[in-house]
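Here is a short note for a colleague opening this structure for the first time. Please read the points with the view open.

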Number of protein chains: 2
Amino acid sequence: MNNFIYHIPTKVYFGENQLIHLGEELSNYGKKVLLTYGGGSIKRSGLYDSIIKEIEKAGLEHFELSGIEPNPKVDSVRKGAEICKKEGIDVLLAVGGGSTIDATKWIAAAACVVHDPWDFFSKGAPVKKALPILDVLTLAATGSEMDSGGVISNPETQDKIGNGSEKLQPKVSFLDPTNTYTVSAYQTACGAADMMSHIMEVYFNMEPDLYMLDCFMEGLLKTVIKYAPAALREPDNYEARANLMWTSSWAINGFINGGKHLEWSCHPMEHELSARYDITHGLGLAILTPRWLKYCLDETTVSRYVQFGVNVFGIDSTLPDMEIAEKAIEMLSDFFFKTLGLKSTLSEVGIQSEDYPVMAKKACGGDVLRGFKPLRQKDIEKIFEMCD
Amino acid sequence: MNNFIYHIPTKVYFGENQLIHLGEELSNYGKKVLLTYGGGSIKRSGLYDSIIKEIEKAGLEHFELSGIEPNPKVDSVRKGAEICKKEGIDVLLAVGGGSTIDATKWIAAAACVVHDPWDFFSKGAPVKKALPILDVLTLAATGSEMDSGGVISNPETQDKIGNGSEKLQPKVSFLDPTNTYTVSAYQTACGAADMMSHIMEVYFNMEPDLYMLDCFMEGLLKTVIKYAPAALREPDNYEARANLMWTSSWAINGFINGGKHLEWSCHPMEHELSARYDITHGLGLAILTPRWLKYCLDETTVSRYVQFGVNVFGIDSTLPDMEIAEKAIEMLSDFFFKTLGLKSTLSEVGIQSEDYPVMAKKACGGDVLRGFKPLRQKDIEKIFEMCD
């Protein structure tokens, strides 16, 4: 078992009508607020108006950056940083899902440097300082509201790269499950797949671990399996949306890691898919994950699948290990592709097999992904082929 | 489901040899350190020397308050506050278990006021300011290392009162499981009962709750049931000590509450026992908890016992509900009194039945404990009698 540091200082207001605290929280960090958001769904839902009301009530001045796209692009970061510098912004308020929050994190860092924001990714420029970030979450998926990382895409180079710094950890996050009532069935399903992947990237790992964290991860997975279908059937089911929302934060805020060192596997592979084809991140993860699990299954790893199958899917523990493992993968596939109704192959989402080699090469950085099982270019190509 | 605020900013260094970070962390808060500890076991174990070495290496000046007792007394708080004022202490370093950390929290508050420390409890004097607190944990039990509360006893008035403030939340906690290798079997068992009680006080509650938190609580309970016996058999089992240590923090840092409003039941009852008889807190909780569960079991509450029995103890879910509930209470009793070897009755620990009425009256504040089931003086007396 490895040592670790646990530190998640983000303050979370969870529940309905917590925006009454927004003004006081923003005021702790300054007077000039940059509000960032995506395509305008927050205007249709009325959330935008509620937020502006609170900002005005607190006597704060606000500026806006709208149009932050899914798989947010470095150009949005550039635009946001320019506004911050020009207007002397004190604090950022991201309103949206992971894309908006991720972009806002890097705006917060880019506002404090003279170099181009892409240098944080391409040259490993350090984050020495960042503006404070608050957020109002509208999609349960990426966990960006409670962690210190963010993923940015650069269409020019076809790169999609994640990076982080404790300086980018949101100070305050507002998690109101009712703000996710209007999330479409498709995005709800993709969000569920995303959070399950965050958990499975850690759970499927042969490093020694803490039993208490295994139990927690199994509980989080069972929560998604129980409540994602409920949210699809009944989009305004508070209990379902609340469980999904709080699960999305805990799937990736760092608590479940418990000092494990191995790299993730499906996320780097998926980033190549969405960098090149701009598909929804959670969809790519749903397609990849069961095939990755199938590819990594052997006598050395089967014990982990057995624990997963028995504790998460309730498979009979007296069956032979390999049978439990295969049944678990099948039940996971059925959950993604039948229950959640997500597309199940790369070809269905328009990804061309001639791109597999180049995407596989980039996914492992031309070397090896040291995840659950080490994956080199050829391994990743085979996993892509299994997703055909 | 109720709204809640989640905010646990404590930074935790978990694992072996993390004390190399102690000097830098203390230095963030000042130059003059007050080291607080209990009866001297940290000198025998060598932990004291390691800490002094780090303090000196960082060029800090240190003062000491030793002799903080179990069920810490307000006099220790007075002594600590005097040293802080006289020496101009910048930061407190508690080395010990819950008693030492609890006392240190109130020293931190008392150092910043002119009134007597007991006024925080008897008169509800507010905590407007407190010195920063760091700690090195040596006992997995109370969770004081990651929460903002502390319980202080006043032998003159036979009161034992818990109170808290976010200003008392430790800034940094060092959790090294090897520091608990020398904890006796008896204290290990009492710690296990204490953390299980923290979970059950929240779990046994008829307020609407989050399924994901129920799963987590069940996982924490299973962790204690799995690893407390392992730690008794093999005191230097790292895995067991690590699981118990991290579970103790998460059992009471606030995460599992999820906005539930009801009061606790066994803790107020136990505080009367240990205020009057100075017994170990966890032992009192072990004696009370199964009887409290038995007393509260009826048709309106049985569903909660069924969930507990099936998910924590693996009882066959096809049995009749009442049978599952009774079996679960029996298995919990067996765990406390047979597996952990704790005494099972109040008479065995020397508590006189003639004191039941006065202790029962104080436990409910002369009115009613609004816990899992509302408990008035007569109810509490009956629970004490069941513990005879």
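1. Start at A:A94. Its bridge partner in β6(A) is A:D135. Strand β6 (residues 133-137) of chain A runs parallel to β5(A), and 5 bridges join the two. Strands pair if DSSP finds at least two bridges between them. Strands (E, at least two residues) and helices (H or I, at least four residues) are DSSP runs, numbered from the N terminus.

2. This is a predicted model, in which local features need pLDDT of at least 70, side-chain atom pairs count only at pLDDT 80 or more, and totals for chains, interfaces and linings use all residues. Residues are numbered from 1 along each chain as its sequence is written, while chains are lettered from A and ligands numbered from 1 in the order in which they are written.

3. A:A94 also has A:T36 as a bridge partner. Strand β3 (residues 32-36) of chain A is parallel to β5(A), with 4 bridges joining them.

4. Why is β5 (residues 91-96) of chain A largely enclosed by the rest of the structure? Because 6 of its 6 residues are buried (20 or more other C-beta atoms within 10 Å of a residue's own, with C-beta atoms placed from the backbone). A:V91, A:L93 and A:V95 point one way, and A:L92, A:A94 and A:G96 the other.

5. Now the interface. 32 residues of chain B are in contact with 32 residues of chain A (C-beta atoms, placed from the backbone, within 7 Å). On the chain B side, α8(B) gives the largest share, 9 residues.

6. Strands also cross between chains. Strand β2 (residues 11-14) of chain A runs antiparallel to β1(B), joined by 3 bridges. Here A:V12 stands opposite B:Y6.

Terms used
A residue is buried if 20 or more other C-beta atoms lie within 10 Å of its own, exposed if 12 or fewer, and partly exposed in between; C-beta atoms are placed from the backbone. Two residues are in contact if their C-beta atoms, placed from the backbone, lie within 7 Å.
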